[in-house]
Amino acid sequence: MDIMKDMALPCIYSLIASIAFGVQFNIRFRHMLAAGIGAMLTQLIFTGFEISGMGQMICYFFSAAAVSVYAELMARRVHVPVNMYLVVGIIPLVPGGYMYNTMITLVSGDVESFSHQFAASVGIAGSIAMGIFAVSAIVRLLRIITRQSI
Amino acid sequence: MEITAKELLQITSRIGSMLIEYGAEIYRVEDSIYRIAAAYGFYGGTSGKDKKIEVFAIPASLIITVNDGSEVPLTQTVRISSRETNLDRVDKLNNLSRFICVEKPDTATINKHISEICERKIYNYPVRLISYAVVGATFALFFGGTPFDALFAGLISMIVFAVSIFVNKVKPSVFFQSVIGSVVIASIAVIVSKAGLTGSFDKIIIGASMNLVPGITLTNCMRDFIAGDFLAGMYTLTEAILTAVGMAVGAASAIAVFNMI
């Protein structure tokens, strides 16, 4: 495979796009770069999983989990809400292509490929949500345990 | 520093409604208010203390009841009708509530801090316009478009931003907002490609539509579900689904109309 085209370029694109998204969410400049790097890491991890030949949903699940871990760690470190890094970090995972294909097959009336594309986009969105869900649940549990022990 | 129930109600309702408005998770709103109240000796739930506070928040409204041990409790309800994401102010409000818990300042100091947060600068229109264009253009490239596609996706994103400023003045629902946005995107993209300027319009539409994706609603929804705020979670989940459906409806109807012509 072409490393430049398939790995480096998407990472750079997601870095730039997520910094621009940071402007839309009114994040200050000094947090923006860290958030953008989070998005870049997400894309890198996602490509890594994809190359290793895992199932698509698993790829999305683990990438979303990875970005949640990054967001939780960064938020603890600089004392900001976790949202700030998490919202920007999952941007490269959004299944824009599948959502578009769902819509376009609906317009053309091709029911068979519509149901296929619809299932894929709902499944991907679900996997991303579950990835965030899993990590946040574990972090919450850890916080409750540590607070009680003190 | 002791404060009265009335002052506590005024401070907490102001901070809470601002947190909801700027896109904080609902469990964070309730948690912050309970912590601020606890700093002044008001406790929630079945603590058995004389001074009590109860908070109920969903993304559309905030209800706070304070009782300082007298017979008549005080209640304030705040209806939150419009929300705009501003994570910088959420961060600063979070710092403020942490500061209140440690220092227990008087109301005048707190009100001064709140006004300072309200005056914090947001990015001006040109910067936001450029950010829309950059998002559109880079995502067109990201999903495999040509540089020409990226150029048009960027231009269309700018138009969408300009349209959304005008549309938001009448405070429409999220569904209507995303329908309008994606009708604009899809119709201009189809016109551009029918005029022979680019090969296909799909990468342009995908790239420019990324500006409308409900990213923050979905993350907030998941985090509220984990915290046990199911009502708030369902509210934001519905909002995210409606936005996505609105995007599909808008683009589909625009493309269908242009296919007929």
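**Exercise 1. In this predicted model, find which helices of chain A and chain B each supply at least two residues of the lining of the second largest pocket.**

Step 1. Take chain A. Its contributors are α5 (96-108) and α6 (111-149).

Step 2. Take chain B. Here α8 (202-209), α9 (215-227) and α10 (230-260) qualify.

Step 3. Pick the top contributor. α10(B) gives the most, with 9 residues.

**Exercise 2. Describe the space and the lining of the second largest pocket.**

Step 1. Start with volume. The pocket holds about 990 Å³ of space.

Step 2. Count the lining. It has 36 residues. Nearest the centre lie Met99(A), Ser121(A), Ala125(A), Ala244(B) and Val245(B).

Step 3. Sort the lining by type. There are 30 nonpolar and 6 polar residues, and no charged ones.

**Exercise 3. Locate the largest nonpolar core and the residues with the most contacts inside it.**

Step 1. Size the core. It has 67 residues.

Step 2. Name the residues with the most contacts inside it. They are Phe25(A) and Phe139(B). By element, α3(A) gives the most to this core, with 8 residues.

Step 3. List partners of Phe139(B), setting aside neighbours within four places in sequence. Phe139(B) touches Ala17(A), Phe21(A) and Ile91(A) in chain A, plus Gly207(B) and Met210(B) in chain B.

Step 4. Look beyond this core. Another core of 34 residues lies apart from it, including Ile3(B), Leu9(B), Val29(B) and Ile114(B).

**Exercise 4. Judge the confidence in chain A.**

Step 1. Read the average. Chain A has a mean pLDDT of 87, and 97% of the residues score at least 70.

Definitions and conventions. Residues are numbered from 1 along each chain as its sequence is written. Chains are lettered from A and ligands numbered from 1 in the order in which they are written. This is a predicted model: local features need pLDDT of at least 70, side-chain atom pairs count only at pLDDT 80 or more; totals for chains, interfaces and linings use all residues. Side-chain values use heavy atoms; hydrogens and water are left out. On a 1 Å grid over the protein atoms alone, a cavity is a set of points where a 1.4 Å probe fits but cannot get out, and a pocket is an open set with protein on both sides within 12 Å along at least five of seven lines; lining residues have an atom within 4 Å of a point. Grid points are joined across faces, edges and corners, and a volume is the space filled by probe spheres set on the points. Helices (H or I, at least four residues) and strands (E, at least two) are DSSP runs, numbered from the N terminus. Ala, Val, Leu, Ile, Met, Phe, Trp, Tyr, Cys and Pro count as nonpolar, Asp, Glu, Lys and Arg as charged, and the others, Gly among them, as polar. pLDDT is the predictor's confidence in each residue, from 0 to 100. A nonpolar core is a set of buried Ala, Val, Leu, Ile, Met, Phe, Trp, Tyr and Cys residues joined through side-chain atoms within 4.5 Å. Buried means under 20% relative accessible area, exposed over 50%, partly exposed in between (1.4 Å probe, protein chains only). Contact means heavy atoms within 4.5 Å.
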